[in-house]
Amino acid sequence: MSTSSRENFIRTINHRQPGKVVVDFGSTSVTGIHVLVVEKLREYYGLERIPVKVIEPYQMLGEVDSELLDAMDIDVTGLFSQKNMFGVKNENWKLHKTLWGQEVLLPGEFNYTFNSNGDILMYPEGDTSVPPSGKMPKTGYFFDALNRQQPIDESNLKVEDNLEEFKLITEQELKYWKDQISSLEGNSRAVVASFGGTALGDIAMVPAIGEKNPKGIRGVEEWYISTLIREDFVKNIFDRQTDIAIENLRQIHQITGDKVDVVFTCGTDFGTQNSTFCSPETYDRVYKPYYKKVNDWIHLNTNWKTFKHSCGAVEPFMFNFIESGFDIINPVQINASGMDPKVLKKKYGDKLVFWGGGVDTQGAFAFGTPQQVKDQVKLQCEILNNNGGFVFNTIHNIQANVPFRNVVAMLEALKEL
């Protein structure tokens, strides 16, 4: 690994030309690598054959450890919350065999059962005495949330029901983050932290798969309906959630200081492949005030850059994201409508850092030849890395079934660059 990884990152994050393309794999839950591909990468680089830790089991993302960070010449490392999305602490790792036959390490309290079809059922906090919150089909590679939406009584909707998982940070959790920061001793990479609590209406979070008995609006369809017919209710949730988040960030910052470079703020998607989930006007009413509230606090009190994830055709929101105070947009879904990287770079490249979009995971990466992958990687880097403001990653996580020859082609192209 180049000793100038963090220096290159600081240059590119401030829209100055870095010495080389800055690369991230594995620092967040939206820039990660499926555990099966992590195992193949370890073998490819000649690293010790050991079971890989599944650090984010909802999507079955594998740990990109220090050995692999070095081997892949990755410039960014991530810090994750103590508990995964199922509410289970990532500790006391135990060996498990996956449905596809891979031996992996899962947290000790990651308890699951099988249904009559052979699918895996996962439980909040690993508690098998309550209804399951996630299911992995027997032919699948990751979990889907199960709908546990209770009947809605319009006359008795309570904002606090949708705030169950957003609590003030405990002394034990603060100690965890202090230990995480201590583990960075000698680190020369940029650091991205996922502190949690700042996701506003993220569809992956709405079902609350880590809560044993989630109340309030918890169905995906019902949530989208609520943003239309219960707008004030949603805004009240966001207002109180961001109050809690800012107090938690204040306490965390006292521990982390300037040892964190980027905070993963929110993963709410606003785009489909061809359109948007809502209008920019709705975004400005329902989301922008609360994103801005958090981002303004971060920029006023810390050196952190703020990271916004949104898949899809979100070009109409780019100015809105900027006005909300986001520094980084992930990914650049170049195969979605209106997401021409040349246009995006020209219109927004001096204000937004583009993180991802280095190769089309739904196109060349999944179905193309290695040469097509190489060509696309080099072209995307040429466009998006001009004058900095670009961190290389794929469009969302690297999935289990991507041809490994194309993963190698991508890495070779980066090395040639």
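Author: Threonine 77 is in contact (heavy atoms within 4.5 Å) with Ser27, Leu69, Leu184, Asn187, Arg189, Ala190, Val191 and Val192, leaving aside its neighbours within four places in sequence. This is a predicted model, in which local features need pLDDT of at least 70 and side-chain atom pairs count only at pLDDT 80 or more, while totals for chains, interfaces and linings use all residues. Residues are numbered from 1 along each chain as its sequence is written, and side-chain values use heavy atoms, with hydrogens and water left out.

Reader: Is threonine 77 buried or exposed?

Author: Threonine 77 counts as buried because its relative accessibility is 15%, where buried means under 20% relative accessible area and exposed over 50%, with partly exposed in between (1.4 Å probe, protein chains only).

Reader: And which strand is threonine 77 found in?

Author: Threonine 77 is found in strand 4, residues 76-79; strands (E, at least two residues) are DSSP runs, numbered from the N terminus.

Reader: Switching to the sheet, in what order do the strands come?

Author: The open sheet is formed by 4 strands in the order 3-2-6-5, with mixed pairing, and two strands pair if DSSP finds at least two bridges between them. Strand 3 (61-62) and strand 5 (94-97) are the edge strands, each pairing on one side only.

Reader: How many bridges join strand 2 to strand 3?

Author: There are 2 bridges joining strand 2 (residues 52-56) to strand 3, and the two run antiparallel.

Reader: What about serine 129, buried or exposed?

Author: Serine 129 counts as exposed, because its relative accessibility is 63%.
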